[in-house]
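Here are my notes on the model, as numbered points. Have the structure open while you read.

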Amino acid sequence: MNGTVVRLTYRALLGGRRAWLLLLMSVVLLAMAVLLRLTVGVDHQVTADFLGAVSVAALVPLFGLIVGTGVIGPEIDDGSIVYLLSKPISRPRIILSKLAVAATGTVLFAAVPTFVAGLVMSGTADRIALGFGVAALVASVAYSAIFLLLSVVTRHAVVYGLAYALIWEGLLGSFVPGARTLSVQQWSLSLTEAITTRDLVSSDVRLAVAGVLLAVVIVGATWYAGQRLRVLSLAGEE
Amino acid sequence: MTEQPSGVIHDIGYRKYDGPRLGRARVTRALYAHSLRGAYGLGRSARAKVLPMLLLGVMALPAFIIAVITNVTSDITGGLPLPYSRYVMVTMPILAIFLAAQAPASLSRDLRFKTVPLYFSRPMERSDYVLAKYGALATAVFLLLTLPLLIMYVGALLAELPAGEQTGDLLLALLGAAVFAVVFAGIGLVIASLTPRRGFGVAAIITVLALSFAAVSALQGIIRYEVGDADLAGWLGLLSPATLVDGFQTWVLDASSSSVAPPPGAAGGVVYVLVTFAVIGACWALLNLRYRKVAVS
Amino acid sequence: MPVIQTEELTKRFPATTALDRLSIEVEPGVVGLVGANGAGKSTLIKILLGLSPATSGRASVFGLDVTEDGPQIRERVGYMPEHDCLPGDVSATEFVVHMARMSGLPPDAARERTADILRHVGLYEERYRPIGGYSTGMKQRVKLAQALVHDPEIVMLDEPTNGLDPVGRDDMLLLIRRIWAEFGITVLVTSHLLGELERISDHVVVIDGGTLLRSSSTSEFTRTSQTLLIEVSAEADAVAATLTSAGLTVKRDGAQLVLPLDDDEVYDLVRDAVAAEGVGLIRLEQGRHHISEIFGEDQGGVGR
């Protein structure tokens, strides 16, 4: 990992409109948690449903998308990536540095608020907050790696990433059972299932399988992104 | 035409132009047509066509399946398995992706390459540009929503369902689709006009649409079923574009609701209508404001 | 009849005053607008096009007021901005056709005129490739083409030679001269390079800090001083002596000899003197004032 790359990427990511959007999203999540706590009181099923539907299924993937593409997409888009590529830093190292920033950002703005929202809604009961916090954490890293890879591979990473998140994990996941085994959401929910003591969350994927797949995806995506960065060509627009 | 090295100016004689010069209205229409075609990738590279055409196909596919099912089961069920007006909400993710991809494609290019001054140094006012772009994207979204409805309609007619009733339902659904198109196109364009980076525009639009829908639906579900307050749940529907227009449709056009909670009572219905039009007006105003401020360098 | 007229035109920004009570008149022809960066040249063009409103004062193009009759003016005006403004993923033909349509030409006329104009500016097979791959010279040509395609009565070119190499500059200047000389279109061209405008303008307007320094025809600026400058490869003294003995008053200006140019005989005398000494004649030109001299003159405080 390279400190300068980390610092520059961090500044580029958090300066400007992107940062406001991310902050807004975290605030909205927390606001909703507070609202629910005030209106519904403490209901662990509600907590599980809410965090599952809003955080794990929507907020975390979107976050991973915005941050994962944001750490390298704009640089490739306007061509300034050449400055980075002409330095004596190995490509995998560049990817690792950027992934570190992306993962940290996603964890800070998505996973931590999820954990806090869980605490707000259910306190420390049944390790619900912890369960969803961990799920969000792991999913954050996975999505960051996937979308970082997509950004290196194609200039339309955002659209393809969206298609994956919405259509694959959303629509198809509801209709085609097989698709659920290959869903990052399901893998992270299996972690929640393992951690929370009560039977509030169920995942279609067994813990061991989920763990392996998560590790494979994170490591594999990162490695492949490094390889693709080596042969990156700055072509024209579409 | 003889080939000359590009340094040499070829002299064949300059011809003056005495033909017609079309005014603002025709020029705006030309930009409208150009942008509408661009929304489906026509007139651009082959790669630009892939996504919109693919989305159009995916959008129409369920309608086709529904049409087939209707024909097979018409004796038993006597109607469409899914009412026309509910189709848009069911296929919302596809609509959202189309909007997220094509709204920036329409605006970001001119902003990023700073082509905008070239438009405004021509007989075209800023509001003409906004009108053309807004109209084009709204039309594109409307077409996206209309095609499946027409497919279902044809299927219904082939299944010999009562034509009068089907036509009536279809027309109401088309009206609802028009409102969806205008509201969503407006929101997408406002967000897209804020950034010259296309990728970020796409992400921002989808985030706003998807997150608002997910959050509002979840909240509505909890408030309605766990707390039991259907009215509050209904009011919450104002906070996301999808539930807003669905509520509008439910109350004004008597459509079947796809949201967790419909607008609460007559007062709720009126507020939904007002907010819908306010959103459209706000989008128009914001776009005009944005293009007034575009740095003309 | 003046094509462009401004009266006490002022444009103030919060931090600076871009134009300060500028009053000029531009007749048909090629008009050079000279000034350093930030002198107000681009601001003037933007106000004339109606892209930016003036703080006070009036301006008119073709006798039409820029604030009231903006759209009518813009129908007959072409604009070539200074900055990059071309999308990278369309071809020159597509882009110029689109711009022609945006200027109000019907589809067929737009295509026809695009083909013509691209030929006139010197883009041949390249016109079918995406603009993103063009060199700077080609991009400048496309920018010029979109300004000319709708047959305007006047084109405003903002720093058209920016970024071009010397050959490209010459080509562009020649092209600009042709726009007036052959196409009959008045040209308002800005530059911060004085030497170029000398060569192609009929009239020069000099602006500094938003105020008018000087506005007059180029021939006035570059009056021939009726002197002849020569420079020889060697034996300058001997040549000078020969010429003096032939009856000319010779002044030494460093390595150059300055002779009064009373009649054509002087040329013959120079030729003979140089041949007699057996040296090479490096330079033989008429002495002229250069535009740069006015800056020296007028920066002494002589205003409008």
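1. Asp110(B) and Lys133(B) are both buried, meaning under 20% relative accessible area, with exposed being over 50% and partly exposed in between (1.4 Å probe, protein chains only). The two form a salt bridge, with the closest N and O atoms 3.8 Å apart; the term covers a side-chain nitrogen of Lys or Arg within 4 Å of a carboxyl oxygen of Asp or Glu. This pair ties together distant parts of the chain, since Asp110(B) sits in helix H4 of chain B and Lys133(B) in helix H6 (residues 126–158) of chain B, 23 residues apart. Helices here are DSSP runs (H or I, at least four residues), as are strands (E, at least two), numbered from the N terminus.

2. Keep in mind that this is a predicted model, where local features need pLDDT of at least 70, side-chain atom pairs count only at pLDDT 80 or more, and totals for chains, interfaces and linings use all residues. Residues are numbered from 1 along each chain as its sequence is written, chains are lettered from A and ligands numbered from 1 in the order in which they are written, and side-chain values use heavy atoms, with hydrogens and water left out.

3. Over all chains, the structure holds 21 salt bridges. In chain C, Arg119(C) pairs with Asp116(C), the closest N and O atoms being 2.5 Å apart. Both lie in helix H4 (residues 107–121) of chain C, three residues apart, or about one turn of the helix. Arg119(C) counts as buried because its relative accessibility is 10%, and Asp116(C) does so at 12%. Salt bridges with shared partners join these two and Arg15(B) into one network.

4. Another salt bridge links Asp272(C) to Arg271(C), with the closest N and O atoms 3.3 Å apart. Asp272(C) is partly exposed, at a relative accessible area of 41%.

5. What holds for chain B overall? It has 11 helices and zero strands, and buried residues make up 56% of its 297 residues. Its C-alpha atoms fill a box of roughly 80 × 45 × 30 Å, taken along the principal axes.

6. Now the contact between chains B and A (heavy atoms within 4.5 Å): 32 residues come from chain B and 32 residues from chain A. The count of salt bridges between chain B and chain A is zero. Helix H2 (46–77), helix H4 (92–112) and helix H8 (198–227) of chain B each supply at least two residues of the side that touches chain A. H8(B) gives the largest share, 18 residues.
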